Amino acid sequence: MAETKPVSLTLDLLHRRLLRDGAPVPLGDRAFDLLAVLAEAAGEAVTAESLMARVWPGINVSPGNLRVQVRALRRALGDGAVENVPGVGYRLHLPLTGQETGLAATAVDTLLGREEELDRLRVMLSRSRLVTIVGPGGVGKTSLALAGAARMQAMRGVHVELAPLTQGGDLLPVVTAASMSLRLVGPDVKGAVLRALAERPTLLLLDNAEHLLDEVAGFAEELLGQCPELRILLTSREPLGLAGEQLLHLCPLECPPPGEEGADAIRTYPAVRLVLREHASAGWPAPTDDQMPALARLCRHLDGLPLALLLLAAWMRDCPVTDVERVLSGRFQDLPLPAEAGSRHGNLHHMLRWSVEALTPDERLLLGRLAVFVGTWPVEAAVAVCGGSPLNAAAVPGLVAGLVARSLVAGPIQTRQKGLRLLETIRHHVIARDPELVEREGLRLRLCQWLSGHQRRHMHLRGQSGFHVPGMLADVADIRAMMTWALGGGDVLAGQILALDSYRHWNQAGPFMEIADFLMRAWALCGPQTPPVIRALLGLLLHGEGLSVRLPLHADRGRYASEELEAAVATMRGADVPPVWAIDGLMSAGFIRRYVGDQRACLALWEEAVAIADRHEVPADMVRHRSLLGWLRAELGEMEQARVEFARALVAAERHGVPRNLTLMRLADAEFNDGQIDRAIEVTREALSSGESMTPPLHQTLLANLASYLLLQGRLTEAVEQALPALNIMMRYDYSYAQPWALERGALIAVSLGRQELALSLAGLARRLLDAGNMRRAAAEREVHARISAGLASVNTPEKVLDLADALRHLRGFYEEVLAAEATRR
């Protein structure tokens, strides 16, 4: 005989439904109310009088009405479901899962990545009688509210959907009464609602209230005043503004950050997990590892909005992720929402139109103008770029505040970033409303000019105060977008200026090749109309060491030095050249002189740059470049004068609060050049342990130098312990300038461990990179190279040619193998 599978019954009070194995059981309103009262008694008998008073509140009915509803329950659930208790009434004789178990399990399963918000909501509801979940459309406010309500045990839940209402007033009590299944007698609907809510502890969920804020505020205030055991949970794109209202700002789901390419890491982010779960629920195969970076980009483009991610999951059923990315670029707002998503919005466009059309004309105009920003921005940028006529610039901060309140502009709470921004879904929507607005009003050029001015001011402040200033307000995403537009033909001169004002920031933070590409494009676009100072600085930076990467133009240094360098240096000495440009131009010119063998000319140019930094009170540049003077004098064998320069640099750094680690790095190299290798190790360790902020290139170089010093002392394992993190930083930030030295260091370690074949391959690749970039070795680098040459002099094995990516991967694996073997030995 076949085994009978037990039936699971769940009573969902919030949605007023009974589920049998997940499927709804047809029940009339009165039968459902009767079942809810019997279930509340938890197996105890309930008198007929009590049942009639609870199921038909305020209405006199006969026992016959009760018997009709009992029969209805027995027809739906079986004759034994409701048991007569003689002389008492009725008792529910049925295994029934309560609201808090059934609903909460379903809701929490839906709310990937919302565990923290759900806990916060539970705490807020336990402490406050009015809680509002605020966030942009599609962020999942309703889902979180339903899950939070389901956790409120021992409270009746009532869900009132306000989205269909076009006006409030008398309709609010009507829809609330309907949601409570009240049987109304007489015209006093509000009174009936108040009486019903006052009977027992209730959580009233008023869902999607943003278009009826005044009416909902008045209704909620009256309910809370007259129903002491009532709690109200509200979802809206902006708060009610009532006294005692607690706000829970709901952020989009976390997405993989730009640059994250690892498939396993990408799959851990909540936004990606939601897409993959919805995709898998339809029975489709999971995306492959090579598709995960494209999926990460799509999730970022959709801002991690759960509603938008449901759209994405639906589209992924029809084509690979990479095809979806190409097809949907820029038109996400038009995508139809699948019916199974259960949303009241037909697509993202409809959801956003509802919010935008409720704005004032000035708010709509400002919102459209703000689409020029692709990243985050401060209010001062909105005023400067978007505050032109017919808007009053003085009114822009207030208009921005209004857009933030309506969840159309996201702040740091919503985006987990500094500054303000338009979510990409909103940005694409407002662009689609008026595609020509940004171009028609010349907003991109205004943004280019603001970005240039802001970065120039910021770098000057950092130079004056030793970097102890707030972070830059301009977003690299905007800088990147504006340079792409300008150098693509939008306004070449503005793009060239912006590239020159941006490269210092990029040099400090990376990615380095990206700004190098922009500068090379800017150089290629130089023509007869290009201002001489622009051409001069671009040429100097790209042929010297203005950037932390190897460049094709480095191979052209000899020609540039003989044909263009003198004129470029003369231009940089002009009275109207910005001090930061003059300093960087002369320093780069010095490097070019050094590479063509004229060390004394290099020294003179660097001294001139230091004098400009001193004259214009830019102590950070003065300290940085004076330490470079000390390093060069040590190279020239003038160690006494070198130590004087280093001492002056360290005193100035202390006086102005400038980090000392760069000066210490160069001092260590000078000490090594003087044969003081123990002193070089000591000073380098001091720089690494100083606790001062440092850029990725500086951190990498300190680790790499320490590795070289230790290696040349024969302290092999200690050297590898420093070389591996240095290699990881170099690979992460594409710090290509350091690649030849990393390969030669690895080659010497390989020689020391008897891995001649690997050493030969690494050394050969390093030699080709050095020759192609016209690069010169410094003190420790010369000694490393000499020992490699000696170690490989008798090796007759043919060199195995590796490309750079393979070589770096081999080298990292080699270091990890060395450290693992050492750990096992210990």
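## G419 and its loop

G419 sits in the loop between α19 (412-415) and α20 (424-433); helices (H or I, at least four residues) and strands (E, at least two) are DSSP runs, numbered from the N terminus. The model is predicted: local features need pLDDT of at least 70 and side-chain atom pairs count only at pLDDT 80 or more, while totals for chains, interfaces and linings use all residues. Residues are numbered from 1 along each chain as its sequence is written, and side-chain values use heavy atoms, with hydrogens and water left out.

With a relative accessibility of 28%, G419 counts as partly exposed; buried means under 20% relative accessible area, exposed over 50%, and partly exposed in between (1.4 Å probe, protein chains only). Apart from neighbours within four places in sequence, G419 is in contact (heavy atoms within 4.5 Å) with T376, W377, A410, G411 and P412. From C-alpha to C-alpha, G419 and G387 are 18 Å apart in space, and 32 residues apart in sequence.

## Surroundings of α8

Helix α8 (residues 189-198) is largely enclosed by the rest of the structure, because seven of its 10 residues are buried. These are V189, G191, A192, V193, L194, A196 and L197. The elements that the buried residues of α8 pack against are the strands β8 (156-161), β9 (202-207) and β10 (230-236) and the helices α7 (171-179) and α9 (213-226).

At the start of α8, a side-chain oxygen of D188 comes to within 2.9 Å of the backbone nitrogen of G191.

## Crossing of α7 and α8

Two packed helices are described by the angle between their axes and the distance between the axes. For α7 and α8, the axes come within 9 Å and cross at roughly 45°; axes are lines fitted to C-alpha atoms, for helices over the stretch in contact, and angles run from 0 to 180 degrees between N-to-C directions. The two helices are therefore oblique to each other, given that angles under 35 degrees count as roughly parallel, over 145 as roughly antiparallel, 65 to 115 as roughly perpendicular and the rest as oblique.

On the α7 side the contact is made by P173, V174, T176 and A177, and on the α8 side by V189, K190 and V193. Five of the contact residues are nonpolar, one is polar and one is charged. Here Ala, Val, Leu, Ile, Met, Phe, Trp, Tyr, Cys and Pro count as nonpolar, Asp, Glu, Lys and Arg as charged, and the others, Gly among them, as polar.

## S761 in α38

S761 belongs to helix α38 (residues 756-773) and is buried, with a relative accessible area of 4%. Beyond its neighbours within four places in sequence, S761 is in contact with E799, K800 and L802.

Technical notes:
A polar contact is a pair of N or O atoms within 3.5 Å; within protein, one must be able to donate a hydrogen and the other to accept it, and residues adjacent in sequence count only if both atoms are side-chain atoms.
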